[in-house]
Amino acid sequence: MAPNARLDHRNPLVFDTHELGRRPGALQRLTRTIDAPKDLGVQGVIGVPEGAPVELELRLESVMEGVLVTGTARAQAEGECVRCLEPLQLDVEAEFQELFSYPDADDRGRVIAEPGDDAEDDEDRFFLEDGLFDLEPLLRDAVVLALPMQPVCQEDCPGLCSECGARLADDPDHHHDAVDIRWAALQGLAETMTDGEKDEMSGAEAGVDEKQEK
């Protein structure tokens, strides 16, 4: 990702590497709890609610070409079970690692006169800006990969009844009596008939019986 708009050091997801320095091998460990940004997760499926606490543990390592960032994010995601549609909560732990390059160095750490000459390479790289880096794009990708695409409230969730929509976990013995398909149409017709129609049919059947007796 090529450098673009200036980073704001007041943003809780923007980190300063000046204290780390540029001496290869230097290490710095950071912990920070931030409010989750908007739309952190799989939209419409499961995600960390905006403003929920996200615990970050970071390890910054100075290398020849930039700063190698390794970290873990922990938070609680919320969503809906894909089987029974009940709300659920899930602890998520996302791990990530990315190199933030110095703008004035190539991928071997050599100083270059005009950074950004190779636009295609720059699009796939993250850069430091005045010693700052933005963790948000990296955090978003890591959380999405750590979340299930089809979350369930429990591994053996039986889901909903296909006939009436009842939650099967609440009633393990739930079932519907099977109806012989050959009689289903007649049963449906009988249920829709009025009492008068039934009386007429009964009278007609009685008349037929009388004729047969004669």
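In this predicted model, the largest nonpolar core is made up of 38 residues. Val48, Val54, Leu56, Val69, Phe133 and Leu135 are the residues with the most contacts inside this core. Two or more residues of the core come from each of these elements: the strands β3 (40-42), β4 (46-48), β5 (53-63), β6 (66-80) and β7 (87-101), and the helix α2 (136-146).

Leu135 shows how parts of the chain that lie apart in sequence meet at one residue. Beyond its neighbours within four places in sequence, Leu135 is in contact with Leu13, Phe15, Leu56, Leu58, Val69 and Phe96. Two of the residues named here, Leu56 and Val69, are also among those with the most contacts inside the core.

The next element to look at is α2. Its buried residues are Leu138, Leu139, Ala142 and Val143. Viewed down the axis of α2, the buried residues fall within an arc of 125°, so they line one face of the helix.

The last stop is a glycine in a loop. Gly131 sits in the loop that runs between β8 (126-127) and β9 (132-134). Is Gly131 buried or exposed? Gly131 has a relative accessible area of 16%, and the cut-off for buried is under 20%, so Gly131 counts as buried. Apart from neighbours within four places in sequence, Gly131 is in contact with Phe15, Asp16, Thr17 and His18. Phe15 is also in contact with Leu135. Gly131 and Gly21 are separated by 110 residues in sequence, and the distance between them in space is 9.0 Å, C-alpha to C-alpha.

How values were computed
Residues are numbered from 1 along each chain as its sequence is written. This is a predicted model: local features need pLDDT of at least 70, side-chain atom pairs count only at pLDDT 80 or more; totals for chains, interfaces and linings use all residues. Side-chain values use heavy atoms; hydrogens and water are left out. A nonpolar core is a set of buried Ala, Val, Leu, Ile, Met, Phe, Trp, Tyr and Cys residues joined through side-chain atoms within 4.5 Å. Buried means under 20% relative accessible area, exposed over 50%, partly exposed in between (1.4 Å probe, protein chains only). Helices (H or I, at least four residues) and strands (E, at least two) are DSSP runs, numbered from the N terminus. Contact means heavy atoms within 4.5 Å. The arc is that of the directions from the helix axis to the C-beta atoms.
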